[in-house]
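Hi,

Here is the structure I promised to pass on to you. Have a look at it first, and then read on for what turned up.

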Amino acid sequence: MVDGPDVSVALGGGVTDRSRAWGFVRWFSGEWIGRPLRPEDGCAADELTTAESVLGFERPAALREGYALLGRRDDLTRQQDPLVPPAGLYVDDALGGALVFRRENQDCAAWAI
């Protein structure tokens, strides 16, 4: 018997597109964390645009949407491998020119596109 929100129900049918993924994140934040996502939990459009200007290119749509949705909710992204803030995004030549958006907490791994 499930004692609380049921992830298997929330993910029923899988995560088939970005819209469904963001819907799950909203559900998870409200039901599991107990603090629903609010507009101020995301990074502002001008902050994202400034970061892209510094990088010299637009971020992939999914990454931009993720930052806009929850970029300031470090309770959702800090436990093990923190999300890099928009101003801290960088291209790592050692990773073949990949855009790093998350770093392992001991700096021995990176998540990049």
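Predicted model: local features only at pLDDT ≥ 70, side-chain atom pairs only at ≥ 80, totals over all residues.

The protein chain has an average pLDDT of 92, and 98% of the residues score at least 70. Helix α1 (residues 7-10) has the lowest confidence, with a mean of 87, while α4 has the highest, at 96.

Back to the largest pocket, whose volume is about 330 Å³. It is lined by 15 residues, and W22, G66, L70, T77 and R102 are the closest to its centre. At least two lining residues come from each of α2 (18-33), α4 (61-70), α5 (74-77) and β2 (98-103). The largest share is that of α4, with five residues.

Then there is the packing. The largest nonpolar core has eleven residues: C43, L48, L55, L63, Y67, L83, V84, L89, L99, V100 and F101. Two or more of these residues come from each of α3 (45-55), α4 and β2, and β2 gives the most, three residues. In general, nonpolar side chains in soluble globular proteins tend to be buried together.

Which residues is F101 in contact with, leaving aside its neighbours within four places in sequence? They are L63, Y67, P82, L83, V84, L89, W111, A112 and I113.

Enjoy exploring it!

Best wishes

Technical notes: Residues numbered from 1 in each chain as written. Heavy atoms only, no water. 1 Å grid on protein atoms, 1.4 Å probe; cavity = no way out; pocket = protein on both sides within 12 Å on 5 of 7 lines; lining within 4 Å. Points joined across faces, edges and corners; volume = space filled by probe spheres on them. Helix = DSSP H or I, 4+ residues; strand = E, 2+ residues; numbered from the N terminus. pLDDT = per-residue confidence, 0-100. Core = buried A, V, L, I, M, F, W, Y, C linked by side-chain atoms within 4.5 Å. Buried < 20%, exposed > 50% of the residue type's maximum accessible area, 1.4 Å probe, protein only. Contact = heavy atoms within 4.5 Å.
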